[in-house]
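Open the model in your viewer and keep the selection panel at hand. The stops below say what to select and what is there.

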Amino acid sequence: MVNLNTIPPKNNREYYIAIGLEGSANKLGVGVVKHPRLASHQSGDNSHICKAEILSNIRDTYITPPGEGFLPRDTARHHRNWVTRIIKRAIKEAKLTDPKLDIDVICFTKGPGMGAPLHSVVIAARTISLLWDVPLIGVNHCVGHIEMGREITKAENPVVLYVSGGNTQVIAYSENRYRIFGETLDVAIGNCLDRFARTLKISNAPSPGYNIEQLAKQCKNKDRLIQLPYTVKGMDLSMSGILAYIDSLAKDLFKENKKNKLLFDQETGEGLVTVEDLCYSLQENLFAMLVEITERAMAHVNASQVLIVGGVGSNVRLQEMMAQMCRDRANGRVHATDERFCIDNGVMIAQAGLLQYRMGDVIKDLKDTVVTQKFRTDEVYVSWRE
Amino acid sequence: MNLDHTLKLEIPFEDAKQANIAVDVLKPDPILRPQDFQVSYKARDNVFVAEFESIDDRVLRVGVSNVIDSLKTIIETMDELS
Amino acid sequence: MTTVILPQFEGTEINIALYENVKNSKEIRAKIADLPYALIDAKAIISGEQLLSAIHRALIEVNYNKMRTKSLHSECLLCLSPTSNIGDAFKKFGILDNSTSIIAVHIGAKKEEINYDFIQGTCIEFTDENLGRLADKDYISKIYKLEKTFRPETNSDLSRAVVDAILLRGL
Amino acid sequence: MSQEIIDTVTQYCTKNIPVTLISQGAEAAIFTTPVHPYLQNTNEDEVYIIKYRPSKKYRHPTINKALTKHRTLSESRILAKLFQIKGIKVPKLIACDPYNGYIWLEFLGEDLPNGFGFSNLKNYLWMNATDSYHDNVKNTLVKVGEQIGLLHWNDYCHGDLTSSNIVLVKTESGGTWEPHLIDFGLSSISNLVEDKGVDLYVLERAIISTHSSFSDKYNEWILEGYSNIYKKHGKAGNQRLTEVLARFADVRMRGRKRSMIG
């Protein structure tokens, strides 16, 4: 029996407060979340209706110039430069007067992610834990996304499509684990879009994927799709071949390689394809693959709901396609959160960490706070669900 | 190879508690190549002491610089969030 | 003579006649271009299933894809073949000067409108038994390039392998 | 959606071919019909399978068209190839329309006695749950293993092995069951031990999750049959068997999925 009230809130309060620190990639986020202590949490699987109140959600993104990706060292430096300021702002915005007394638990991202940025954040997390004498909890980044998504959308048991710069997974819950039903066999979807954006030398602000989405919207030849490899393998998918191919098309386009029959009319030399067309075709192809593997997982576990999380999840076209698929599957529903929660943030780490904490799971030895680049979603024992 | 390139770093903190926190924060992380680089942390009253040993100057420089980066975060956090 | 209507294409009547002891193959060949039939050497056909699966495919191609040849009749010969080369299909399945058993297929007209008088031979029933008797199984295995390790124990096994090849030709 | 699919299929098949929807997966809908597409049906109990891959509205029409054709064909092609391998039992391919996404197949199996439902492996094991260690059950599961062994030995992988994708057909003498593999929609030609290990793991998981009380024995018997096939090929067979089983253990350890980087 799940009892989310296993650990009482601090100082006989009727609510819990958690702060979450996230910095596994190029976003540094700190958020504060509050859970009321409810009788309905005493027993039963109610972890998706915590009635969480978001007291603050501060984020700063390390943005690189067009054509450049973010490197671990530089990203770590960005996080170090900002982490105390962001924590301070999050506390101020949450109107916490004394973090020592107010905060039940400090949650940080244990992994997966880039090593150096993760490390730069955990240093701050350990320091405030010791300064304030507040316990620490290490959170799996993917589980953070899932729990935040469930709380925001109230989706009880959805199939989760997790799409970000580092991950592409289809996940469903079973027997206390978030199990991976399908995933990328090579690069992640966000990485694929980021790298294509670099080839196109388009801006990385606010994010490369967002700018590809805007270009795709401007495509004027939507009925003439550029055929790309479609590489779904069971419930897994592969994207590196698609990226290599569309990259080569883009390069030919920029070099005006008139020999390319797909891009230039062989008689008149006229251009047949624009950058917008490439973006549109890439999105249509990649997203169709994502929706397909999600549908397979839904059929497999007999689910009718989908939750999209991760940075790429804020793409409106992906949400549209997923919604269409769900409608066609006997009135399924798709849940997506907006970019405040899709994109990496501190609140999600606080949300998942607080659930863990309320079940009685805290770190007792600082040795257990070592961050890790590899940390599979299904390694986490999900004690807060039936 | 001998770890004969060494450096000792002493940083005074405001009090012994702060120096001890710095030690506790830095201690858990494992050294990536212990055969090339070693470090030990301790607190002597309010002084934080780190002793580095390494196979060459370059590895020593990188290792020390990483620890100093972390120390800067620790100190800034103490200043801003105590 | 047998009349077949495929349930999916009920507007198209198919008439099939099987002849053995044919004596005028050479003569037929001379005017073959004017004969509105698919004329097939029966030694290449093991079963009704084989022929009808090819006709079914021909109707699918014509209705949902495109006609590759100039008539439904030549389309039938093409669909019997394991390769997409039309000349090759005629060579392997069409009649030769010395063919003695012939299947004449007519698609798209009423039974009453068709006559087979141009064939001089014995009209026999279009049954698997008769087809099996007239078929040259080694020839069939060879033209369909079946796996060397595949040793059909029965005519129906051979027929199944051949149907597979017909369904997948060129795709 | 279901109604839309039924309407499309009914229209395609015309009134001469009445269809009944029996299952709908993520990718295809399965219908039965008493009408053969081109042969006279001589047995009025006989039915045929029509497998239809509907186009997906979320997908661009160009992708839909290419995928429908490619997948319909690839499944047909695998069925055709497998039929020519001695010992492998798969349904017979009757007709295929890759332009519209239809495959016609032979219907295999029958209804089990006492309301246990259709004779797939899943229902069969449930029917025998009271007498699970009976020789007949063992015999059937060993044969299941042999079918998978033959498939893998010839470098094909099923891609979706579950106890519902194994259909039991009564032998002519009536006493025993002959397992047939169905649904090759996710199958591929592959000589990778990884794919084979995953195949075995997926089936093991399916057996554990639906027949947990006896799954240890069941899986043991399936592996026995599987190994029989490899062992027939002497030293080379044993070596390949060891490789597959080692990878299977490996896949089981990591729960199908390789470690991932954040």
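**Stop 1: two helices in chain A**

Select Val143(A), Gly144(A), His145(A), Glu147(A), Met148(A) and Glu151(A) in H4(A); they meet Val347(A), Met348(A), Ile349(A), Gln351(A), Ala352(A) and Leu355(A) in H11(A). Contact here requires C-beta atoms, placed from the backbone, within 7 Å. By class, this contact has 7 nonpolar, 3 polar and 2 charged residues. Ala, Val, Leu, Ile, Met, Phe, Trp, Tyr, Cys and Pro count as nonpolar, Asp, Glu, Lys and Arg as charged, and the others, Gly among them, as polar.

A word on the source. This is a predicted model, where local features need pLDDT of at least 70, side-chain atom pairs count only at pLDDT 80 or more, and totals for chains, interfaces and linings use all residues. Residues are numbered from 1 along each chain as its sequence is written, while chains are lettered from A and ligands numbered from 1 in the order in which they are written.

Now show both helices whole: H4 (residues 141-153) and H11 (residues 346-358) of chain A. Helices (H or I, at least four residues) and strands (E, at least two) are DSSP runs, numbered from the N terminus. The two helices pack at an angle of about 90°, with their axes 8 Å apart. That makes H4(A) roughly perpendicular to H11(A) (the term covers 65 to 115 degrees). Axes are lines fitted to C-alpha atoms, for helices over the stretch in contact, and angles run from 0 to 180 degrees between N-to-C directions.

**Stop 2: the domains of chain A**

Colour domain 1 (10-150 + 343-379) and domain 2 (157-341) of chain A. The bounds come from an automatic or database domain assignment. The C-alpha centres of domain 1 and domain 2 of chain A lie 29 Å apart. Their contact takes 23 residues from domain 1 and 28 residues from domain 2. Which element gives the largest share of the domain 1 side? H4(A) does, with 7 residues. By class, that side of domain 1 has 10 nonpolar, 9 polar and 4 charged residues.

**Stop 3**

Most residues other than glycine have a negative phi, and most peptide bonds are trans. Here are some exceptions.

- Gly111(A) and Pro112(A): a cis peptide bond joins them, with omega about -10°. Pro112(A) is in the loop between strand E4 (105-111) and helix H3 (115-132) of chain A.
- Ala205(A) and Pro206(A): a cis peptide bond again, with omega about -5°. Find Pro206(A) in the loop between helix H5 (189-200) and helix H6 (208-217) of chain A.
- Asn12(A): phi is positive, about 55°. Asn12(A) sits in the segment before strand E1 (15-22) of chain A. Asn12(A) is exposed, with 6 other C-beta atoms within 10 Å (exposed means 12 or fewer, with C-beta atoms placed from the backbone).
- Lys95(A): phi is positive, near 60°. Look in the loop between helix H1 (72-93) and helix H2 (99-102) of chain A.

**Stop 4: the sheet in chain D**

Move to chain D and show the open sheet of 5 strands, in the order E1-E2-E3-E5-E4 with antiparallel pairing. Pairing needs at least two DSSP bridges between strands. E1 (20-24) and E4 (93-97) of chain D stand at the edges, each with a single partner strand, so one side of each is left without a neighbour in the sheet. Next, select E5 (residues 102-106) of chain D, joined to E4(D) by 4 bridges. Leu93(D) has Leu105(D) as its bridge partner. Finish on helix H2 (residues 61-83) of chain D, which packs on the sheet and touches E4 and E5 of chain D.

Note on methods. Angles under 35 degrees count as roughly parallel, over 145 as roughly antiparallel, 65 to 115 as roughly perpendicular and the rest as oblique. A residue is buried if 20 or more other C-beta atoms lie within 10 Å of its own, exposed if 12 or fewer, and partly exposed in between; C-beta atoms are placed from the backbone.
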